[in-house]
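Reader: I have some questions about how the labels on this model were assigned. Can we go through them one by one?

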Amino acid sequence: MIASDQPLLISALLVAMVLVLLLGEWAFRRRALRDDRTARWRSHIGFVLVNMPVERLTQAAMAVALYGGISALGVGDFGLIPMLGLPIWAAYLLAIMLLDFAVWAQHLATHHIPLLWRLHRVHHADRDIDMTTALRFHPLEIGLSMVYKMAIAFLLGVPLGALIIFELLLSLFPLFNHANIRLPIWLDRVLRLVVVTPDMHRVHHSAIERETNSNFGFCFVFWDRLFGTYIAQPHDGHDDMTIGLSEWQDDKPRRFGWSMWLPFK
């Protein structure tokens with residue numbers, strides 16, 4: 001596949017994922033929604049329209065600054081992974097796992113560093129959780145996150161192909177694990193041995209602080225289990241748990257303007 005086909009393939013996979021999850025949320029709904037869906041989705045589309053250019057411009061600027069700078073210096077392969085001399089499949093696997101850990105650590109930091117939490121709480125303010133919640137991030141957090149990920153990828157010397165695969169996972173899995181779908185119990189138990197399921201991630205959106213500060217993974221479950229931040233089920237059960245932040249259990253979080261201003265309140 002030539003490089004020009006990659007954006008088309010990624011877009012096609014994203015559209016397919018969205019359609020499958022929309023069907024799943026209609027046919028196998030996990031929880032009744034509290035807020036008006038039209039108002040929420042309109043607000044979340046607003047986040048997409050603002051965040052897409054922020055993400056792309058930051059990504060392009062970082063790519064030019066980091067990879068372009070190294071090319072200009074003529075130092076050849078740079079970073080940890082090329083130094084290990086691994087076969088290509090092992091280099092790809094190691095790169096994806098290390099990037100996944102880096103994003104897990106970043107997510108943990110956004111909950112425990114006050115300045116980062118002011119940005120990240122925009123995501124958690126949603127009083128419902130469905131596929132569109134995965135789109136609800138403040139543009140300042142999106143920009144900082146992109147700088148962080150690109151810098152980590154640069155220092156690790158991540159192969160371009162592995163970076164593309166990881167970015168695809170980073171696009172698809174949040175849609176899946178935020179989805180308001182009811183998986184069979186047996187399937188959820190099997191999947192969460194490796195990846196984050198909707199029931200697992202829903203605990204992270206609980207209004208109970210201990211549960212909010214758990215289950216930080218977006219793709220693999222290994223880091224939460226390893227570092228003791230894994231909680232299997234919410235205290236109040238999936239049907240009765242309160243989603244969102246205890247400070248704002250009204251209709252304000254579904255407003256786009258209010259949500260954009262939330263970090264500065």
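Reader: What makes arginine 37 count as sitting over the ring of tryptophan 41?
Author: The charged end of arginine 37 is 5.4 Å from the ring centre of tryptophan 41. A charge sits over a ring if NZ of Lys or CZ of Arg is within 6 Å of the ring centre and within 35 degrees of the ring normal. Arginine 225 also lies over a ring face, that of tyrosine 230, at 4.2 Å from the ring centre.

Reader: Which ground rules apply?
Author: This is a predicted model, where local features need pLDDT of at least 70, side-chain atom pairs count only at pLDDT 80 or more, and totals for chains, interfaces and linings use all residues. Residues are numbered from 1 along each chain as its sequence is written, and side-chain values use heavy atoms, with hydrogens and water left out.

Reader: Why is asparagine 180 called buried?
Author: Its relative accessibility is 3%, so asparagine 180 counts as buried. Buried means under 20% relative accessible area, exposed over 50%, partly exposed in between (1.4 Å probe, protein chains only).

Reader: Where is asparagine 180 found, and what does asparagine 180 touch?
Author: Asparagine 180 is in the loop between helix 7 (160-178) and helix 8 (185-191). Helices are DSSP runs of H or I, at least four residues, numbered from the N terminus. Among the residues that asparagine 180 touches are Glu25, Phe28, Asp130 and Arg202, not counting residues up to four places away in sequence. Contact means heavy atoms within 4.5 Å.

Reader: How many aromatic pairs are there?
Author: A search of the whole structure finds 11. Rings of Phe, Tyr and Trp (its six-membered ring) pair if their centres lie within 6.5 Å; planes under 30 degrees apart count as stacked, over 60 as edge-to-face and the rest as tilted.

Reader: What makes the pair of phenylalanine 173 and phenylalanine 176 edge-to-face?
Author: The angle. Their planes are 85° apart, with 6.3 Å centre to centre. Both residues lie in helix 7, 3 residues apart, about one turn of the helix. Phenylalanine 173 has 19% relative accessibility, so it counts as buried. Phenylalanine 176, at 16%, is therefore buried as well.

Reader: Why is the pair of phenylalanine 220 and phenylalanine 222 called stacked?
Author: The planes of phenylalanine 220 and phenylalanine 222 are 10° apart, and the centres 5.6 Å.

Reader: Is phenylalanine 222 buried or partly exposed?
Author: At 33% relative accessibility, phenylalanine 222 counts as partly exposed. Phenylalanine 220, at 15%, counts as buried.

Note on methods: Helix = DSSP H or I, 4+ residues; strand = E, 2+ residues; numbered from the N terminus.
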